[in-house]
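User: I would like to learn how to read a protein model, feature by feature. Could you walk me through one?

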Amino acid sequence: MTRDPVDDLLDLSTSLPDDGFTARVMSALPPEGSAPRRLERALRVLALGAAAAVLAPEAGTLARAVAAGSGRLGEGLARALAAANGTLPSEAGLVAVGLALVATALGSWLVADPG
Amino acid sequence: MPRSDTELVASVLAGDDRRAFAELVGRHQSSVRGLLRRLTAGDAALADDLAQQVFVTAWRKLGSWRGGARLSTWLYRIAWNAWASQARRAPPVEPPPPEPARPADDAALDRRDLARALAQLRPEERTALAVTYGQELTHEEAADLLGCPVGTLKSNVLRGKEKLRRLLVPEPEATA
């Protein structure tokens, strides 16, 4: 039984040599150890919040905002970590969680002693 | 002994293992690039740009791969989405003018001829041929990938093949 010449043509080997393609893909990946963009944004918010808390004269009012914000921040960080699908380096994850805990503690302390 | 796709994926997810991911890319680059070359009617540069995009997306979303399906099928879906998205953005490319059919004894119908002929098919015919040849997909998997009934896929394959036959295989000369 003869094969359809079009079948033969379509079945031409699809094996393509790598020709540096894998290296090209690897160089396009985010750099090793870099945190996802959402996490970076969350950390920037944390830094700004901390700076504002230190500088503002109305520490009591700000303290409540920090306390509330840190809760949301923790939630955001958890979401960012989940979105990273486990590709986030563990060091960066630990730093992020540590910072969130510090923010929460700072907020709670300021609320407890606003004066 | 080479590690399975599942083991390599687990290694990537557990420890940002780039060597394991490079092994996955090396293992699947040919079929993903091949699929995209067919979808882009032989535009190798565009196909490779899209293929790079496919693997970068795969790196980011590797955690969402369900181990039950083959990794290649998952990659083809990303490739299909990347191509469909690109095709929506870019205007359709005018197919190149057909070349005169070669004499029947010239068996060297090469990739360039195929690409030229594929470019003259309707998009759904080209797509159906692209996913059913050379990708080790069953008709059911291919239809699922394209989101169409199996019958529609088969019709498009048949019509596409018939057009290719007319374009690529010269009619035998009538004997007097």
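**Reading the model step by step**

Analyst: Happy to. In chain A, among contacts with a separation of 6 or more, 74% join residues 24 or more positions apart. Please keep in mind that this is a predicted model.

User: Now the nonpolar core. Which residues have the most contacts inside the largest one?

Analyst: A nonpolar core links buried residues such as Leu, Val and Phe through their side-chain atoms. The largest one here has 54 residues, and F21(B), V32(B), L36(B) and L164(B) have the most contacts inside it. Helix α4 of chain B, residues 71-89, gives the largest share of this core, nine residues.

User: What is F21(B) in contact with, leaving aside its neighbours within four places in sequence?

Analyst: Its partners come from both chains: V25(A), M26(A) and L29(A) on one hand, and V12(B), F55(B), A58(B), W59(B) and L62(B) on the other.

User: How should I read a helix that has buried and exposed residues? Let us take α7(B).

Analyst: The general idea is that an α-helix has 3.6 residues a turn, so residues three or four places apart point the same way. In α7(B), the buried residues are A142(B), A143(B), L145(B) and L146(B). These cover an arc of only 160° around the axis, which puts them on the same side of α7(B). On the other side, E140(B) and D144(B) are exposed.

User: D144(B) is charged, I think of pairs. Which residue does D144(B) form a salt bridge with?

Analyst: Side chains of opposite charge can pair when their charged atoms come close. D144(B) forms a salt bridge with R77(B), with the closest N and O atoms 3.2 Å apart. D144(B) lies in helix α7 of chain B and R77(B) in helix α4 of chain B, so the pair ties together parts 67 residues apart in sequence. D144(B) counts as exposed, at 52% relative accessibility, and R77(B) as partly exposed, at 34%.

User: How many salt bridges are there over all chains?

Analyst: The count comes to 13. Another of them joins R159(B) to E125(B), the closest N and O atoms being 3.6 Å apart. Since R159(B) lies in helix α8 (residues 150-168) and E125(B) in helix α6 (residues 123-132), both of chain B, the pair ties together parts that are 34 residues apart in sequence. R159(B) is partly exposed at 40% relative accessibility, whereas E125(B) is buried, with a relative accessible area of 0%.

User: Which residues are linked with R159(B) and E125(B) in a network of salt bridges?

Analyst: R122(B), E124(B) and K163(B) are linked with them in that network.

Conventions:
Residues numbered from 1 in each chain as written. Chains lettered and ligands numbered in written order. Predicted model: local features only at pLDDT ≥ 70, side-chain atom pairs only at ≥ 80, totals over all residues. Heavy atoms only, no water. Core = buried A, V, L, I, M, F, W, Y, C linked by side-chain atoms within 4.5 Å. Buried < 20%, exposed > 50% of the residue type's maximum accessible area, 1.4 Å probe, protein only. Helix = DSSP H or I, 4+ residues; strand = E, 2+ residues; numbered from the N terminus. Contact = heavy atoms within 4.5 Å. Salt bridge = Lys/Arg side-chain N within 4 Å of Asp/Glu carboxyl O. Arc of directions from axis to C-beta.
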